[in-house]
Amino acid sequence: MSEEAFQKAAEEVKQLKAKPTDAEMLEIYSLYKQATVGDVNTPRPGMLDFTGKAKWDAWDAKKGMSKEDAVKAYISKVEELKGKYGI
C-alpha cells in the first residue's frame, strides 16, 4: 500500500457521515498510531484518564505489528467504515 493511499484514508475517515462506534474509533486510532509511530513509546495514562487508557491499551494491543501491516489494516478498516457510514 502506498503512502498516498494511507493519507487519503486518513482524510476520508474524517468525512464519514456518521460517527463510528467507540470500538471502531479505537481500532482506527490504534492502527494509525502503529502505522505512524510504531510500538507504544509512552507510559500508560493514569487511572483517571479513562479515554487515554482505552486509546493506549488499543495501541499497545498492536505491538509488534509492522508499519506495512498497520497501513494495510488501516486502509481496509477505513474502506469498511466508508461502506457502513458513507462519505
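The side chains of Gln 34 and Trp 59 are joined by a polar contact of 3.4 Å in this predicted model. A second polar contact, of 2.8 Å, links the side chain of Gln 34 to that of Asp 39. Gln 34 belongs to helix α2 and counts as buried, at 2% relative accessibility.

**Gln 34 and its surroundings**

- Beyond its neighbours within four places in sequence, Gln 34 is in contact with Asp 39, Trp 59, Lys 62, Lys 63, Gly 64, Met 65 and Ala 70.
- Of these partners, Asp 39 is joined to Gln 34 by the side-chain polar contact of 2.8 Å, and Trp 59 by the one of 3.4 Å.
- Gln 34 is classed as buried because its relative accessibility of 2% falls under the 20% cut-off.

**Val 40 in the loop between α2 and α3**

- Val 40 lies in the loop that runs between α2 (22-36) and α3 (50-60).
- With a relative accessible area of 16%, Val 40 is buried.
- Apart from neighbours within four places in sequence, the contacts of Val 40 are with Trp 56, Trp 59 and Asp 60.
- Val 40 and Ala 9 are 31 residues apart along the chain, and their C-alpha atoms are separated by 22 Å.

**Packing of helices α1 and α4**

- Helix α1 (residues 3-12) packs with helix α4 (residues 67-85) at an angle of about 40°, and the two axes are 9 Å apart.
- This angle makes α1 oblique to α4.
- The crossing of the two helices, α1 and α4, is left-handed.
- On the α1 side, the residues that meet α4 are Glu 3, Ala 5, Phe 6, Ala 9, Ala 10 and Glu 12.
- On the α4 side, the residues are Lys 67, Val 71, Tyr 74, Ile 75, Val 78, Glu 79 and Lys 82.
- By class, this contact of α1 with α4 comprises 8 nonpolar and 5 charged residues, with no polar ones.

**Glu 79 in helix α4**

- Glu 79, a residue of helix α4, is one of those that meet α1.
- Its relative accessible area of 39% makes Glu 79 partly exposed.
- Glu 79 and Val 13 are 66 residues apart in sequence, while their C-alpha atoms are 8.7 Å apart in space.

Conventions
Residues numbered from 1 in each chain as written. Predicted model: local features only at pLDDT ≥ 70, side-chain atom pairs only at ≥ 80, totals over all residues. Heavy atoms only, no water. Axes fitted to C-alpha atoms, helices over the stretch in contact; angles between N-to-C directions. Helix = DSSP H or I, 4+ residues; strand = E, 2+ residues; numbered from the N terminus. Parallel < 35°, antiparallel > 145°, perpendicular 65-115°, else oblique. Left-handed = near helix turned anticlockwise from the far one by under 90°. Contact = heavy atoms within 4.5 Å. Nonpolar A, V, L, I, M, F, W, Y, C, P; charged D, E, K, R; others polar. Buried < 20%, exposed > 50% of the residue type's maximum accessible area, 1.4 Å probe, protein only. Polar contact = N/O pair within 3.5 Å; in protein donor to acceptor, adjacent residues only side chain to side chain.
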